[in-house]
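This briefing goes with the structure shown below. Please keep the structure in view while reading the points that follow.

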Amino acid sequence: MMKIYNSLTRQIENFTPNEGKTVRMYTCGPTVYHYAHIGNLRTYIFEDILEKGLEYLGYDVLRVMNVTDVGHMTGDSDQGEDKMLKGAEREHKTVKEIADFYEMAFFSDCAKLNIRKPSIVERATNHIDTYITMIQKLLDTGYAYEAAGNIYFDVSKVRNYYQLSGKNQDDLFVGVRDTVEEDKNKRNPYDFGLWFTSSKFSNQAMKWDSPWGVGYPGWHIECSGISYKYLGEYLDIHCGGVDNIFPHHTNEIAQSEAFLGHKWCNYWVHGEHLNDSSGKMSKSKGEFLTLDLLEKKGYSPLAYRFFCLNSHYRNQLVFTYEALDGAQNAYNKLKNRIKQLSRNPDLHDDKIDFYEEKFKEAISNDLNTSSMITLVYDVLKDEELTDFTKLYLINKFDQVLSLDLIDEEKSIDSDTEDMILRKIKERDEAKKNKDYDKADKIRNELFEKGIRIIDGKNGTTYEII
Ligand code: AMP
Ligand code: ZN
């Protein structure tokens with residue numbers, strides 16, 4: 001049973017999806033006004049491991065991510081400037097050019113880090129219609145109001161607005177004086193913008209028609225909208241970095257549940273930050289830590305992934321070059337050890353289940369990535385395992401870890417392929433004649449040569465292990 005820390009209840013819980021083995025997962029995507037810093041990338045590594053870990057446990061994960069290309073202000077609660085506009089001004093480009101460029105840069109970083117692209121990735125600006133439909137319903141049902149041409153969500157209308165953040169209204173109001181630029185149109189300081197028509201940004205580049213006038217959506221509504229459109233009314237997991245808890249995810253919950261009329265997402269899973277030694281990692285501060293910069297300094301992206309996986313996603317992690325040196329050395333050594341294992345096909349089943357179970361336990365234990373890595377070392381040390389069995393297990397673990405621990409090309413020559421196909425045919429015949437002993441014998445024979453038979457709906461195929 002998968003156990004995961006749920007920020008909503010502030011405890012580790014058994015994970016039970018709404019629909020059997022299908023997991024509906026939403027992850028907040030990047031705001032594409034600049035390169036991602038390596039802190040942002042830590043969060044995407046954690047989400048990638050969560051998705052792959054769930055798959056290892058036998059779940060089918062349907063994962064959706066947005067790409068923010070409008071409405072995210074420099075201050076997360078509507079104040080400041082639109083980040084996209086700021087990026088466009090900085091580089092004397094259009095918002096669209098900025099979005100195209102940095103979205104590509106983001107996915108290129110992800111590819112280098114073996115972060116799989118979610119099944120559905122959608123830009124915020126592609127779903128204006130959905131936001132308009134949702135906002136209209138929120139207005140009709142009294143959760144939203146119009147003031148000075150803008151539409152705001154009234155947080156006083158929902159129960160438990162502060163449940164996710166654990167904050168209380170009075171604490172927030174103390175902070176509010178210093179941090180929130182007062183918007184006189186709001187009934188309560190924490191009401192948030194769903195749609196802006198007359199805002200202070202006369203130069204807002206992208207605007208759309210709406211029942212309330214030409215304008216643009218607030219940041220929070222995009223995630224509620226895209227999630228609703230692609231994942232429906234019930235969500236199993238919603239992820240992001242801890243900074244998203246308030247106000248972004250708090251506001252997502254308020255507007256989605258007001259719109260749907262019922263509870264929306266059961267598990268909120270947040271990754272802690274990567275900080276530099278001076279504190280918070282920020283794009284506007286000093287040396288801007290990108291993956292590209294690490295590569296230029298000679299580090300491999302996967303050594304950075306390894307560095308992240310050695311600590312738990314719920315612990316803050318401090319980045320230093322010394323720590324990354326350590327991770328790069330350990331990673332190189334690990335890969336070298338694995339390279340030296342004999343490729344002689346000699347597989348022994350005996351302890352495979354034992355190690356696979358241990359690996360599943362590490363995943364299920366609130367995604368304990370450092371235990372997953374320790375298991376790789378345990379397998380390497382285990383003298384009862386043949387080298388080939390070690391490779392088999394490490395290869396399986398690497399489906400989740402994605403560290404390219406075994407990176408040689410898996411290919412076979414045409415004679416071997418002929419032999420496999422002949423054996424599969426022979427086995428099919430044996431099965432037809434109900435000679436299951438013979439069929440099993442052929443399957444085991446191939447397995448020992450490092451070839452696994454897969455009986456699918458459309459016949460039998462194989463994979464090289
Ligand atoms: P953004 O592109 O600013 O919308 O952020 C993308 C993701 O990175 C979000 O899930 C944030 O919560 C997360 N994030 C922001 N700063 C950090 C950090 N220092 N460490 C880890 N994750 C972060
Ligand atoms: Zn979001």
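In this predicted model, strands E6 (residues 144-147) and E7 (residues 150-153) run antiparallel and are joined by 4 bridges. The points below begin with this pair, then turn to the zinc site and the domains.

**The strand pair**
- Ala144 stands opposite Phe153, a residue of E7.
- The hairpin of E6 and E7 has 2 residues between its strands, and Ala148 takes a positive phi near 50° there.

**The zinc site**
- Three protein atoms are donors to the zinc ion (ligand 2): SG of Cys28, SG of Cys223 and NE2 of His248, lying 2.1 Å from the ion.
- The spacing of these donor residues in sequence is C-x194-C-x24-H.
- Cys223 belongs to helix H6 (residues 220-231) and His248 to helix H7 (residues 245-260), so this pair ties together parts that are 25 residues apart in sequence.
- Both Cys223 and His248 are buried.

**The domains**
- The domain assignment divides the chain into domain 1 (18-271), domain 2 (276-401) and domain 3 (414-464).
- Between the C-alpha centres of domain 1 and domain 2 there are 31 Å.
- In domain 1, 28 residues are in contact with 36 residues of domain 2.
- Domain 1 and domain 2 bury about 2700 Å² between them, and carbon and sulfur atoms give 69% of this area.
- Ile38, Arg42 and Tyr56 supply 32% of the area that domain 1 buries against domain 2, more than any other three residues.

**Salt bridges**
- Between domain 1 and domain 2 the count is 2 salt bridges.
- The side chains of Lys112 and Glu295 meet in a salt bridge, at 2.9 Å from N to O.

Notes
Residues are numbered from 1 along each chain as its sequence is written. Chains are lettered from A and ligands numbered from 1 in the order in which they are written. This is a predicted model: local features need pLDDT of at least 70, side-chain atom pairs count only at pLDDT 80 or more; totals for chains, interfaces and linings use all residues. Side-chain values use heavy atoms; hydrogens and water are left out. Donors are N, O and S atoms within 2.8 Å of the metal (3.2 Å for Na, K and Ca); water is not among the atoms, so sites may look incomplete. Buried means under 20% relative accessible area, exposed over 50%, partly exposed in between (1.4 Å probe, protein chains only). Two strands pair if DSSP finds at least two bridges between them. Domain bounds come from an automatic or database domain assignment. Contact means heavy atoms within 4.5 Å. Buried area is the accessible area (1.4 Å probe) that two parts lose on being put together, summed over both. A salt bridge is a side-chain nitrogen of Lys or Arg within 4 Å of a carboxyl oxygen of Asp or Glu.
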